[in-house]
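Please look over the sequence and the structure below, and then read the report that follows.

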Amino acid sequence: MNETSYMEQELTSQPDTWREAARVGALTGGPLPKAGERVAVVGCGTSWFMAQSYAALREGAGLGVTDPFAASEAFLGAGRGYDAVVAITRSGTTTEVLRVLDAVKGRIPTVTIIGDPETPAVAMSDETVALPFADEKSVVQTRFATTALTLLRAHLGEDVSRAVSDAQEALTAPLEQEWVDAEQFSFLGTGWTFGLANEAALKMREASQSWTESYPAMEYRHGPISIAAPGRVTWLFGPAPAGLEADVVRTGARFVHHARDPLADLVLVQRVALARARARGLDPDNPRSLTRSVMLEAPAAP
C-alpha cells in the first residue's frame, strides 16, 4: 500500500507544528508549571514517554522535582507534596487520565496538554493547553506527541529552532534498506532521550508489528546486548557512552547514531516505521488491536 496515509501526512507536518508549539510554549505566564514547583506528569502510552522526557529535562534544568507516571500507576498522595499535575493526552478521553484528573480535583492543581479540546478532559482540568493544530486522525501518534514535548521544551527556556530545522532535514534523509529489512531494533537513550527511545520502540511495534526493545543506554550492556546480532539494529538517541558503539559492532549488529537533535531523530524513526509497515502490507493508520483512545468500561456496581 503506497497511497498517502494519515500517518505520513501527520509526521511530515511536524516542523510546522513544532514552530507553533514553540511560539505558544515561549509565552511568559500561562498555566504550565513554574520554576520551583514540585510536579507530577502523567500520560498513557506515547504520552507517558513524552512525560518521561519532559520530567528529565525539567528536573535536569534545576526547575524542580518532576516525576513521570503512567496514569494507571500514578502515586499522587498528599505525602508526595505535588504542587501541580500535568496530564498529556491527545484524545482527552483516555480512561486512566480522566481518573487521575478526577482523583486530584480540588486537591492538586491540574493542567492538561490536549489535542482535541472538545473532550471530557477539558472540563475535568483546572487549566488546559490545547494543541488542535497537532491533533491526528491516525491511531499511531506522531506529531501530537512531539509537538507537546516541543511546547514543554520551549516553556523550559530551550531554543528549539535547531530541533525544527533538524526535523525538516530528517523528513528527506535517506532511509536505508537495512533499516526496513532489519529483524530487530533496540533503541537506547540517556536522560531525556530515554523517553524518546521508549517511544521509538512503541512506534515500530504499533505501525509495523516489529520486534523492538528500549533501554537506558548504560543498561544495554547489562544483558540486553546479548540479542544484538547481524541483521539487527541498535539505535541510540543522544550522547554515546564511551565504548558502546564498538561493543555493538563486535556483535555484528548495526549501530545507528546521528548528530541531529534527538527529537528530530525520532521523526526519522517514524518514517522507518511507516516504510516497514508498507513493506509488510500493513495499514499504519489502523494497527491491529489498537484504537485512537483506550476507554475502559466502568466497574460494575457491587
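Does Phe69 count as buried or exposed? With a relative accessibility of 10%, Phe69 counts as buried, where buried means under 20% relative accessible area, exposed over 50% and partly exposed in between, for a 1.4 Å probe and protein chains only. Phe75, in contrast, is exposed at 53%.

This is a predicted model, in which local features need pLDDT of at least 70 and side-chain atom pairs count only at pLDDT 80 or more, while totals for chains, interfaces and linings use all residues. Residues are numbered from 1 along each chain as its sequence is written, and side-chain values use heavy atoms, leaving out hydrogens and water.

Rings of Phe, Tyr and Trp (its six-membered ring) pair if their centres lie within 6.5 Å, and planes under 30 degrees apart count as stacked, over 60 as edge-to-face and the rest as tilted.

| Pair | Centre distance | Plane angle | Type |
|---|---|---|---|
| Phe69 and Phe75 | 6.3 Å | 70 degrees | edge-to-face |
| Phe187 and Trp235 | 6.1 Å | 45 degrees | tilted |

Because Phe187 lies in strand 6 (residues 184-189) and Trp235 in strand 8 (residues 232-236), their pair ties together parts that are 48 residues apart in sequence; strands here are DSSP runs (E, at least two residues), numbered from the N terminus. Both Phe187 and Trp235 are buried, and together with Trp179, Phe185 and Phe237 they form one aromatic cluster.

Note on methods. Helix = DSSP H or I, 4+ residues; strand = E, 2+ residues; numbered from the N terminus.
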